[in-house]
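Here is a friendly walk through one protein model. Keep the sequence and the 3D view side by side as you read.

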Amino acid sequence: MLWIEKEWVTAEELTTHELVKQSFITEGKTVAICTSDTKAWLALCLAMRRMNGTILPIHPETPVSGAERLAIQAGCGYLIYQETIIPLPEAEKRAGGLIQFSSGTTGQPKIIHRTWESIETELNAYTNSFPLTTKATIVACPTTHSFGLLCGVFATLRRGATPVILQDFSPRHVLAIHRLHPNAIIYMAPGLAYAMSLFPESVHAVMISGMTLPEKWFRSIERKTHHLLQQYGCSEIGCIALHPNPPSPQAIGFPLEHLEIETGTKGKPAELVVSQQGVRIGTKDLMYVEDGLHFLSRLDEMINVSGLSVYPGEVEDVLYQLPTVEAVVVFKRMDAFQGERVCAQLVTTASEEELKQHCTQHLAPHQRPTEWQLVEQIELSVNGKVSRKRLGEQTCPV
């Protein structure tokens, strides 16, 4: 059984959905879908999985021209846009699986194709590592992304539990649904988890993924949940590590059993490289191993100031210590004298002078921002993430 926004849906109903009866639901076909009808999307996804076809989910708010462009780029033979079926010039056939586009936070999004076989291997390892026994999972994140679809829906079904799939991700709504399922684990983005932690109500369990939390956010969420879990992964390989009780935001988890990892030590961090069945994937994330994996920074986000490494998260945590700082993101720009310089964009009522004084007290000289941008809101991508790369490339304010 699945619960999709106030409606119970059986597996049988999904297999007999009108969309599943279409002639293109066959092995070897590649189909894109862009719809706000979650039941239709999941029915098609499960059908393509059974038939060993390939499916590309597209964010439901994408305009038809954008959806068609992505579908053609991915070599799809059909695009289901809301309730309309659009035939497309199909490219060469591929092994059945799931197509997604990378987030694009470090460059242009790229096509990532994962076979159903590799996804099955991930689901088995994920289920074997899952530390909680829950009857339901509240999926308060998009099921068009791996976190919501594979870990939130597929893994929950694999455990014999009920996915409770939401379309309204507002904190009040998620808390209201949690009251109906008080022992559920909630899968959600870090920003939503932090927003919910500001309410007086506590929740049973929370799983977060997608970004390393600021220390302030992490401790706030920790106080409002009985079980705080954290997982880490990448689009190319899925979930890589899971932590049942992280002591800090940087403690992102223990590698799943089907993967081999290579990285650094605490004194000598290095890029995390993940291997599965002989295929090596560099994550471009700087980490070290000490009782599990610990995240420091994206390699391309680390700031090199005159040969000294600055990790944006460390500077952000210091700025979040000021109660007047509502949001902050630290990024880099090229500098003719230092190589790179530290920049900060903030939502705050503090003055630039107050921010500088605070940093002088808590940061080494090379860690202190030399450029300050005080804004009303920090721009996020459609995935709810900040692109430090994009901020660094924008024209410097006068």
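## Two strands side by side

I33 stands opposite P57 in β4. The strands involved are β3 (residues 30-34) and β4 (residues 54-57), which pair in the parallel sense over four bridges. Here, two strands count as paired if DSSP finds at least two bridges between them. Strands (E, at least two residues) and helices (H or I, at least four) are DSSP runs, numbered from the N terminus.

This is a predicted model, in which local features need pLDDT of at least 70 and side-chain atom pairs count only at pLDDT 80 or more, while totals for chains, interfaces and linings use all residues. Residues are numbered from 1 along each chain as its sequence is written, and side-chain values use heavy atoms, with hydrogens and water left out.

## The sheet and a helix across it

Now look at the sheet: it is open, has six strands in the order β6-β5-β3-β4-β7-β8, and its pairing is mixed. At the edges are β6 (84-87) and β8 (111-115), each of which pairs on one side only. On average, neighbouring strands of this sheet are turned by 20 degrees against each other, direction ignored.

Helix α3 (residues 64-73) lies across β3, β4, β5 (78-81), β6, β7 (97-101) and β8, and runs at about 155 degrees to β5. Axes are lines fitted to C-alpha atoms, for helices over the stretch in contact (heavy atoms within 4.5 Å), and angles run from 0 to 180 degrees between N-to-C directions.

## Charged partners

Side chains of opposite charge can pair when their charged atoms come close. A salt bridge here is a side-chain nitrogen of Lys or Arg within 4 Å of a carboxyl oxygen of Asp or Glu, and by this rule the count comes to 21 salt bridges.

One of them joins the side chains of E120 and R49, at 2.3 Å from N to O. This pair links distant parts of the chain, with E120 in helix α4 (residues 116-129) and R49 in helix α2 (residues 38-50), 71 residues apart.

## Buried or partly exposed?

Buried means under 20% relative accessible area, exposed over 50%, and partly exposed in between (1.4 Å probe, protein chains only). E120 counts as partly exposed because its relative accessibility is 27%, and R49 does so at 22%.

For E122 and R114, the closest N and O atoms of their salt bridge are 2.7 Å apart, and both residues are buried.
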